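I opened my notebook to look around this chain one spot at a time. Here is the structure, and my entries follow.

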Amino acid sequence: MCVNALTFFEKLFIIKIMIKKKSNNLKKVFIIIGAVLLIAGIFIGLYFAISGNGKRFYEIKLSNSTGQITLTTKSNELAPGSTIISKPITIGLEEESYSAFVRAKLIFESNSEDNRVLSFVNQLNFKITEVVTYENENYSWVYVEADNSFYLIGKDNYLKTVTAKDENYNFVETLKVPTNIEQISSLNSDGVNVQVGEDVIVKVVVEAIQSSDLLGNKKPTIENAQEFFNNFAVYRENNFISQNGFITSYTGTSKDLVLPKYVGEDYILGIKENAFVNTNVERIIVPGSYIYFGENCFNGLNNLSFVAIKSETPVKLGATSFVSNSKLEIYAPKTLLNYIDANYTTLAYFNNFVKYTELLSSDIEQIQDKTVKVLYAPNVTEFVGDFKAFSSLKVLIAPNLSKINNDAFYNLSNLINVDTPNVVEVGNNSFYNCTSLLNVSLSKKLNTIGEQSFFNCSALTNINFVQNLKFIPNSAFRNCLSIQSITLNSEELELGNAVFYECTNLRNVNIANLTKCGEYAFGRCTGLKSVNILNMDVSETHETSFTDTTLSRINFVFNNETVKTNFVNKFTAFNNRTIYIQVQNYVLTVLTGNVSDVNLADFTYFGSFSSLGNNLFKDNSVVSTINIPSFVKNFGSSFVNNCENLTSITFNSSVVPSFKKDSFEGVKNSLIIYVPNNVLDVYKATIKNVTILAI
């Protein structure tokens, strides 16, 4: 019946695309324009006519070189000068009864720390200057500029319906676009343009839409690409749960939250209704990518006292998005405050938005009122003086500041959020003992931080700004109790003494090339679970670097046998806590070591993988629990066979992965598999003879 319905739509919405290259007839030109617009309209009609639950998206990322963007396989981002790994993207269908309408669409994301960039990306209108698509005697791809989408059109001028009986469909070969994207306003990251690759990630998403009756457990396969998301996908990470780009709930107990840009593979654009109801949140920082706040998303939080909304562009606010009480203070940039003043004066919580004090010169002494809570300095590149007298200061927004001086915010215990995305130098003791500091935005080109610069910033959670630093000095992050993860990508990294001393919640450390590591650099990091090291100079690593970590929990992970051997020869106490892994062609093929609790998400620093190889844990007598992140889609043969102490496996994906028939052979009857509740029955239908429970 559904196949007949789809045929009906085809017959009802026949599109006559009459493109004749040599024709100059004006009438035909209008017909062509009208046909293109009609395609978009028909597709929208089809979209709403068929079940929304049948929509699936797949990700093909892009790479850039001299202004040309080419489809690539597993490229992390669009980066000027990067190596092009070009493969035609093909769409295939596994089941003959499966049929779908197909289109491809451009989407935009950003990992920038500059909230102006994040806000800009959300309203980006990208214009393609040239399109080269594949076609054959049966179909072609038609590009519709109105929504930056490509529609699969049959040679009979129908909007093409594909089935497993059809051949695979090659997709777009090349898209040509500008290397720089001009701003729609004066907001920018470098004074001129937002850079493609440096600031903005462009992706092509293939979308297959079909009737829900035909969907079932069947789905199309797309070679050379990872599944992006679909309407069923629910992502879980760090107690956040999201679906289709929106946080739907939070299950943690933290009082202080810096909301994530991503939850798993989901790029977050906003917060759904009731998402934080019945939580204990008191202070929240919202990234610039968030543009939607559903009804009651923060309502009823009686202890909520601080919210920083960092978007520079208009956002959607609900009448009951926030609680209205005298305790709550909501901070926003000047541009957003102006928009709220113009559009949201009737909100019950309108008066909870805090007005800013604007500083137009670099001289801090010009500020007469030392009790200000929020300071906006739009044009200052370096302050004269320090803020020691500003004990009430909570928020600083200085988008063009390039340097933070020694002792600048020394001992400001009320400071919570600092937006300085172009700072490249941070002085000694600059944030010393800022115990309430949740977030600092610094430039990705940061080259210097001083000694004790973030000493005892006990609430600070995100220090991504240190990723490319070559040297991190003594006690720079000592006693930063809330930091959970660190990635250090410098090719010549030196760590001073006690850099991360007593960072007790630090769980995961990724290091590219450790050339020197000082005394007690990770001393008393009692929560440390995984240290992933690509390369290190053991002779320059002090014997006390990892003193007083918890031996029973910490894992040192290597993908180089020589580095591993040198490490265990010097640090003999960790000999039984080392792991050796190999990732080849996006498959985790080797994982060896005496490790009982394995979270595969910890190992992605050694290379992206979406599949687990054959026999990965076979006959492993030590492993007891395995956590499978949502990006793992395929499992090899015998991957947990005869693991006599294995008690549980947790799958975080709401899309059931692909298993081999013998993937779970030889497991004990006591094994429990935990899966997302919304797909519990689907997992049970897929994995037999194993106890399966909801997470």
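**Entry 1: one asparagine in a loop**

I began with N456, which is found in the loop between β35 and β36 (471-472). Helices and strands here are DSSP runs numbered from the N terminus, with at least four residues of H or I for a helix and at least two of E for a strand. Before going on, I noted that this is a predicted model, where local features need pLDDT of at least 70, side-chain atom pairs count only at pLDDT 80 or more, and totals for chains, interfaces and linings use all residues. I also noted that residues are numbered from 1 along each chain as its sequence is written, and that side-chain values use heavy atoms, leaving out hydrogens and water.

Is N456 buried or exposed? N456 counts as buried, because its relative accessibility is 17% (buried is under 20% relative accessible area, exposed over 50%, partly exposed in between, with a 1.4 Å probe and protein chains only).

Which residues does N456 touch, not counting those up to four places away in sequence? I found N433, C434, T435, R478 and N479, where a contact means heavy atoms within 4.5 Å. I also looked up A476, 20 residues from N456 along the chain, and the two C-alpha atoms are separated by 9.2 Å.

**Entry 2: the whole chain**

Next I zoomed out. The chain has 7 helices and 50 strands. Of its 695 residues, 54% count as buried. Looking at contacts with a separation of 6 or more, I saw that 48% of them come from residues 24 or more positions apart.

**Entry 3**

I looked up a sheet of 3 strands, which is open, pairs in parallel and has the order β31-β33-β35. Two strands pair if DSSP finds at least two bridges between them. β31 (403-404) and β35 (448-449) are the edge strands, each pairing on one side only. β31 runs parallel to strand β33 (residues 425-426), joined by 2 bridges. In that pairing, K403 stands opposite E425 in β33.

Then I turned to an open sheet of 5 strands, also with parallel pairing, in the order β28-β29-β30-β32-β34. Its edges are β28 (357-358) and β34 (439-441); each has a single partner strand, so one side of each is left without a neighbour in the sheet. Inside this order, strand β29 (residues 374-376) and strand β30 (residues 395-397) pair in the parallel sense over 3 bridges. I spotted Y376 opposite I397 in β30.

**Entry 3: the largest cavity**

I397 turned up again when I checked the cavities, as one of the residues lining the largest one. My notes on the method: on a 1 Å grid over the protein atoms alone, a cavity is a set of points where a 1.4 Å probe fits but cannot get out, and lining residues have an atom within 4 Å of a point. Grid points are joined across faces, edges and corners, and a volume is the space filled by probe spheres set on the points.

How many cavities of 30 Å³ or more does the structure hold? I counted 5.

**Entry 4: salt bridges**

Side chains of opposite charge can pair when their charged atoms come close. I searched the whole structure and got 10 salt bridges, each being a side-chain nitrogen of Lys or Arg within 4 Å of a carboxyl oxygen of Asp or Glu.

One of them joins R283 and D256, at 2.8 Å from N to O. This pair links distant parts of the chain, with R283 in strand β23 (residues 283-286) and D256 in strand β19 (residues 256-258), 27 residues apart. R283 is buried at 13% relative accessible area, while D256 is partly exposed at 29%.

I also looked up D602 and R507, whose side chains meet at 2.9 Å, N to O. D602 lies in the loop between β44 (597-599) and β45 (611-612) and R507 in the loop between β38 and β39, so the pair ties together parts 95 residues apart in sequence. D602 counts as buried at 9% relative accessibility, and R507 as partly exposed at 29%.

Conventions: 1 Å grid on protein atoms, 1.4 Å probe; cavity = no way out; pocket = protein on both sides within 12 Å on 5 of 7 lines; lining within 4 Å.
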